[in-house]
Amino acid sequence: MTLLDIRGLTLRTTDGTTLVDDLSLSLARGERLGLIGESGSGKSLTALAILGLLPEGITATGSIELAGTQIVGAREKHLTRVRGRDAAVVFQEPLTALDPLMRAGRQVAEPLRRRRGLKGAALRRAVVDALEQVRLTEPDRIARSFPHEMSGGQRQRVALAMALACDPKLLIADEPTTALDVSVQAEMLGLLDTLVRERDMAVLFVSHDLAVVARITDRALVMRSGRAVEEGALLDLVRSPGHAYTQALVGSARRLESALNLGEAR
Ligand SMILES: Nc1ncnc2c1ncn2[C@@H]1O[C@H](COP(=O)(O)OP(=O)(O)OP(=O)(O)O)[C@@H](O)[C@H]1O
Ligand SMILES: [Mg+2]
């Protein structure tokens, strides 16, 4: 069954610049897709559009159907219902999702309270449980910490706990590990893979890095300058890129891979 169906999505600024041009993609329940492309190709805007979170001054035309709800042109009231329940997002920089002035526990509690109606001791237990699920050791201490008192990896786990709190059908991960160092990045990707598998969640995984995408999914759509240039199995994209741009992406992934292998051999 189709969970996400994007048809002819076009995103324009008020002055008429086209940022995403006639993009179509679809995702079935439990399916995973990578969204690959260089900086500025429109990956994040596409991700934001799915949740109706486009920045001021950017308008969408076309259609985004998420679990049966039309997102383009939807009222905020409908969008709030969709967010968290149907889809949730983890960003590159966890501080985007976290309130710097609020302890982690309260932030994780918020979606649990709002969506599941939990309160009191049951809510506190659910918060600790959510922090444990993202493999945070010392969940009680983390719950009492402010974002600046945590490491980047811990913050990203808290952001992931918030995104997963209401068991969304689709997790959108927008370069969730780019800001982390390589070992924390690998741990985080493993964790994300496990948690999503356990919950049978669909994933749209945004990255400019093929090697990272390959940890999560075996299928990807390649974007360039706001357009989808090709889509297919990662293996096919790597073996026989149909587009010069994909070829360039693969080339840079190969260079990265050999650099990493050198690093491991050292
Ligand atoms: N609020 C905004 N107003 C106007 N233009 C914007 C806005 N946000 C993004 N853009 C432009 O839209 C294009 C796509 O941006 P987007 O953030 O989706 O790229 P991206 O593929 O996510 O890049 P990166 O890999 O660097 O994260 C870019 O040219 C960017 O400059
Ligand atoms: Mg981006």
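This is a predicted model: local features need pLDDT of at least 70, side-chain atom pairs count only at pLDDT 80 or more; totals for chains, interfaces and linings use all residues.
How many residues surround ligand 1, and which are the closest? I looked that up before anything else. I count a residue as near when one of its heavy atoms lies within 4 Å of the molecule. By that rule 13 residues surround ligand 1, and the closest are Ser 39, Gly 40, Lys 43, Ser 44 and Leu 45.

Residues are numbered from 1 along each chain as its sequence is written, chains are lettered from A and ligands numbered from 1 in the order in which they are written, and side-chain values use heavy atoms, with hydrogens and water left out.

**Entry: ligand 1**

I went for polar contacts here, meaning pairs of N or O atoms within 3.5 Å. Ser 39 has a polar side-chain atom 2.6 Å from an oxygen atom of the ligand. For Lys 43, a polar side-chain atom sits 2.7 Å from a ligand oxygen. On its own the ligand has 640 Å² of accessible area (Shrake-Rupley method, 1.4 Å probe), and the protein covers 61% of it.

Next I sorted the shell by class, with Ala, Val, Leu, Ile, Met, Phe, Trp, Tyr, Cys and Pro as nonpolar, Asp, Glu, Lys and Arg as charged, and the others, Gly among them, as polar. I got four nonpolar, six polar and three charged residues. Helix α1 (residues 43-50) gives the most to this shell, with three residues. Helices (H or I, at least four residues) and strands (E, at least two) are DSSP runs numbered from the N terminus.

**Entry: the sheet**

In what order do the four strands lie? I read β2-β1-β4-β5, an open sheet with antiparallel pairing; strands pair if DSSP finds at least two bridges between them. The edges are β2 (18-28) and β5, each pairing on one side only. β1 (residues 2-13) meets β4 (residues 58-66) over eight bridges, and Ile 6 stands opposite Ile 64 in β4. β4 pairs with β5 (residues 69-70) over two bridges, with Leu 66 opposite Thr 69. Their hairpin has two residues between the strands, and there Ala 67 takes a positive phi near 45°.

**Entry: the largest pocket**

I found about 540 Å³ of space in the largest pocket. Its lining has 24 residues, with Arg 83, Ala 88, Val 89, Arg 114 and Met 162 nearest the centre. α4 gives the most to that lining, with six residues.

Terms used:
A polar contact is a pair of N or O atoms within 3.5 Å; within protein, one must be able to donate a hydrogen and the other to accept it, and residues adjacent in sequence count only if both atoms are side-chain atoms. On a 1 Å grid over the protein atoms alone, a cavity is a set of points where a 1.4 Å probe fits but cannot get out, and a pocket is an open set with protein on both sides within 12 Å along at least five of seven lines; lining residues have an atom within 4 Å of a point. Grid points are joined across faces, edges and corners, and a volume is the space filled by probe spheres set on the points.
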